[in-house]
Amino acid sequence: MALSTHPRPTVGRTVHYVSHGTPVRSDGSQQFPSACRAAVVTEVDADDPGRVGLAVQNPTGQFFHPLQAGGSVHSDAETRLGGTWHWPERV
């Protein structure tokens with residue numbers, strides 16, 4: 001995602017975090033596949049505005065990805081790989 005064509009993430013904005021899902025089994029299945037989860041931006045890297053800290057809301061609880069702890073999350077609207085964030089789809 002080109003950040004120049006989208007709003008810059010700011011603290012308090014809601015984004016989608018793509019969960020990693022559980023490890024892939026030998027038969028190719030997963031108990032829990034990767035899925036979009038609601039998340040709130042808790043901090044933005046001053047040098048890389050696509051890199052943020054998040055508070056992720058899951059059905060089983062909240063998870064935190066702070067910049068300082070190395071749990072930062074990068075923007076990825078194209079492939080939406082596990083462990084990335086993107087702006088919510090407009091419907």
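Predicted model: local features only at pLDDT ≥ 70, side-chain atom pairs only at ≥ 80, totals over all residues.
1. The nonpolar core. The largest nonpolar core has 10 residues, namely V15, Y17, A39, V41, V52, L54, V56, V73, W85 and W87. At least two residues of this core come from each of strand 1 (14-18), strand 2 (36-44) and strand 3 (51-58). Of the strands, strand 3 gives the most to the core, with three residues.

2. The tryptophan pair. One aromatic pair is present in the structure. The partners are W85 and W87, whose rings are 5.3 Å apart, centre to centre, with 90° between the planes. The arrangement is edge-to-face, because planes over 60 degrees apart count as such. Both partners also belong to the largest nonpolar core.

3. Position of W85. This residue is found in strand 6, which spans 84-86. W85 and V18 are 67 residues apart along the chain, yet their C-alpha atoms are separated by 6.0 Å. The contacts of V73, considered next, also include W85.

4. Surroundings of V73. Neighbours within four places in sequence being left aside, V73 is in contact with Y17, G50, R51, V52, L54, H65, G83, T84 and W85. Among these contacts, Y17, V52, L54 and W85 are, like V73 itself, members of the largest nonpolar core.

5. The loop between strands 5 and 6: R80. The loop between strand 5 (73-75) and strand 6 (84-86) contains R80. Although R80 is not a glycine, its phi is positive, at about 50°. For context, most residues other than glycine have a negative phi. R80 counts as partly exposed, because its relative accessibility is 33% and that category lies between 20% and 50%.

6. The loop between strands 5 and 6: L81. L81 is also placed in the loop between strand 5 and strand 6. With a relative accessibility of 52%, L81 counts as exposed. Its C-alpha atom is separated by 6.6 Å from that of V18, which lies 63 residues away along the chain. Neighbours within four places in sequence aside, L81 is in contact with V18 and D76.

7. The loop between strands 1 and 2: H20. H20 is located in the loop between strand 1 and strand 2. The relative accessible area of H20 is 54%, so this residue is exposed. From C-alpha to C-alpha, H20 and P33 are 7.5 Å apart in space, and 13 residues apart in sequence. Apart from neighbours within four places in sequence, H20 is in contact with Q30, S34, G82 and G83. Of these, G83 is also a contact of V73.

8. The largest pocket. The volume of the largest pocket is about 330 Å³. Its lining is made up of 14 residues, and those nearest the centre are S19, R37, N58, T60 and F63. Strand 3 and strand 4 (61-65) each supply at least two residues of the lining. By class, the lining residues comprise six nonpolar, seven polar and one charged.

Notes
Residues numbered from 1 in each chain as written. Heavy atoms only, no water. Phe/Tyr/Trp six-rings, centres within 6.5 Å; stacked < 30°, edge-to-face > 60°. Core = buried A, V, L, I, M, F, W, Y, C linked by side-chain atoms within 4.5 Å. Buried < 20%, exposed > 50% of the residue type's maximum accessible area, 1.4 Å probe, protein only. Helix = DSSP H or I, 4+ residues; strand = E, 2+ residues; numbered from the N terminus. Contact = heavy atoms within 4.5 Å. 1 Å grid on protein atoms, 1.4 Å probe; cavity = no way out; pocket = protein on both sides within 12 Å on 5 of 7 lines; lining within 4 Å. Points joined across faces, edges and corners; volume = space filled by probe spheres on them. Nonpolar A, V, L, I, M, F, W, Y, C, P; charged D, E, K, R; others polar.
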